[in-house]
Amino acid sequence: MTAPQKPAAPKSAAERANPGNRAADFGIDTTARTTGEAIRAYLQGLRNGELGSLPALLGLAALFVLFTILDSGGTFPSLLNLANLLQQGAGRTIIAMGLVFVLLTGEIDLAAGTASGLAAALMALHLVSGGNMLGAMGGFVFAVLIVAMLVAAALAIWVRVWAGAVVSVLTAVILLIGVPANPWIEMLLAVGVGVVVGCLTGFLVARVGMPSFVVTLALFITWQGVILQLIGDGGTLGLRDPVINAVANGNLSTLGSWVLFVVAAGGYAAVMLLQQRNRLHKGLVAKPTGLVLIKVGAVVVLGALATFLLTRDRSPGVIAISGIPYVVPIVLVLLVLGTYVLDRTRFGRHVYAVGGNREAARRAGIDVVRIRAAVFVISSAFAAIGAIVYSSKVGSVSPAAGGGNTLLFAVGAAVIGGTSLFGGRGRVSNAVIGGAVLATVENGLGLLKQPAAVVFVITGLVLLLAAGVDVLSRRKSAAAGR
């Protein structure tokens, strides 16, 4: 007589939806969640310290309301000022986006500001000299620069950052053969200089083992001296080129603005909905489809509203000014690329792993030296792109380029947006949100005619508050076992 069989365990929602799914065999969470469960899980995450960019977003909204009320002349909420705000803060925000990669590994790059200034100085010098850098710099300085680029390429090969090696060699070749001045060559040269700086910094930190704080502080001072050598104390190099000038001062046409909206909003909607469909099809845990549709709809509506407003004439004079500023698609492209690298590639997963626990990452077979070196290359490359943008905005490069509060703004933007100073937690979008907060503070206080002292004090307090929130959220996460 056979023993009675036990009744089969009830199937999960994912198994009922996809009977052939085997994900559960490997311990993967395949429990479908309702909208209410998803909202409760999000609120529980907030209580456990998983705040993300929420404090920065709430602060940004509060600042917009505050400055709109305080500015009795109505200048702050005007379309002209909001477009200028996007253009003024874009350069330093891009530098902050690169710094996110470094911060995720638990390191710091204090040289990002002057590295961007060095890239801007060489770009401007190549432009005004017609490509004859040997004549503009002198034989000794030129030779030292070429040797430094080749050394950077060799060090990049040593730590297996192949892209850094290729770009460093290409930059040296551009200078050696004396490529005539061209705006696109100038911008390529600036990025190449940033990569060279990143290769040198990354090798000293990752392979030699020097503390990143000490290395980058020393290079901060070094690059400032190199900039002075190239430009001269009190000198200025003009960027009189329409293409370079348009980077931070030009606008898309009305048609181009709407095309950008369709591509950006349509691409975002397609990625989100396709991701949702794939997760549901494979029986993996997924957000409620209703919430995904609401999120996509909100982004599309806000994007359409912003595009409509920016395509209106915002000029106070006779000459019409309309269209989305060029810096917006530049930031969007960098945001998408950075997010894709961190979220969708093995390299991105390794960056988070190294930042979370370096020794555990090494034991898991991750090339920690390569990852730590590569993030400095990325950071300096972003710094060079930021240099192109802010140099375009002012139309010249001075010995103070990249100095002052450039680095403080960039680091502050990343941290205020939600990137942790302790590594392992953050996103590229954090830098964009934090950059918007600091640009709004600077712009709003300027319109209220507050002195520079007040601007520095308020900015510092905002950064201090963000660092405090980061520490408290980490303590809550640790207490919750996350």
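**Note on the predicted model: cores, salt bridges and a helix pair**

1. The largest nonpolar core of this predicted model has 113 residues, and the residues with the most contacts inside this core are M97, L118, L175, W223, L230 and V397. A nonpolar core is a set of buried Ala, Val, Leu, Ile, Met, Phe, Trp, Tyr and Cys residues joined through side-chain atoms within 4.5 Å. Buried means under 20% relative accessible area, exposed means over 50%, and partly exposed lies in between (1.4 Å probe, protein chains only). Helix α17 (residues 368-394) gives the largest share of this core, 15 residues. Helices here are DSSP runs (H or I, at least four residues), numbered from the N terminus. A second, separate core has five residues, including L252, L260, L310 and I324. In soluble globular proteins, nonpolar side chains tend to be buried together.

2. The model is predicted, so local features need pLDDT of at least 70 and side-chain atom pairs count only at pLDDT 80 or more, while totals for chains, interfaces and linings use all residues. Residues are numbered from 1 along each chain as its sequence is written, and side-chain values use heavy atoms, with hydrogens and water left out.

3. Which residues does W223 contact, leaving aside its neighbours within four places in sequence? They are A111, T114, A115, L118, V197 and L200; contact means heavy atoms within 4.5 Å.

4. Seven salt bridges are present in the structure. A salt bridge is a side-chain nitrogen of Lys or Arg within 4 Å of a carboxyl oxygen of Asp or Glu. One of the seven joins R92 to E442, with the closest N and O atoms 2.6 Å apart. This pair links distant parts of the chain, with R92 in helix α4 (residues 79-104) and E442 in helix α19 (residues 428-447), 350 residues apart. R92 counts as buried because its relative accessibility is 13%, whereas E442, with a relative accessible area of 31%, is partly exposed.

5. A salt bridge also forms between the side chains of E107 and R358, at 3.0 Å from N to O. E107 lies in the loop between α4 and α5 (112-128) and R358 in helix α16 (residues 358-363), so the pair ties together parts that are 251 residues apart in sequence. E107 is buried at 7% relative accessibility, and R358 counts as partly exposed at 37%.

6. E107 forms a salt bridge with R372 as well, the closest N and O atoms being 2.7 Å apart. R372 belongs to helix α17 and is 265 residues from E107. With a relative accessible area of 10%, R372 is buried. Salt bridges that share partners join E107, R358 and R372 into one network.

7. The axes of helix α7 (residues 139-158) and helix α8 (residues 162-177) come within 7 Å and cross at roughly 160 degrees. Axes are lines fitted to C-alpha atoms, for helices over the stretch in contact, and angles run from 0 to 180 degrees between N-to-C directions. The crossing therefore makes α7 roughly antiparallel to α8, a word used for angles over 145 degrees. Among the residues making the contact are F142, L145 and I146 of α7 and W162, G164 and A165 of α8.

8. Where is P316 found? P316 is in the loop between α13 (289-310) and α14 (327-344). P316 counts as exposed because its relative accessibility is 74%. P316 and L80 are 236 residues apart in sequence and 8.1 Å apart in space, C-alpha to C-alpha.

Notes: Helix = DSSP H or I, 4+ residues; strand = E, 2+ residues; numbered from the N terminus. Parallel < 35°, antiparallel > 145°, perpendicular 65-115°, else oblique.
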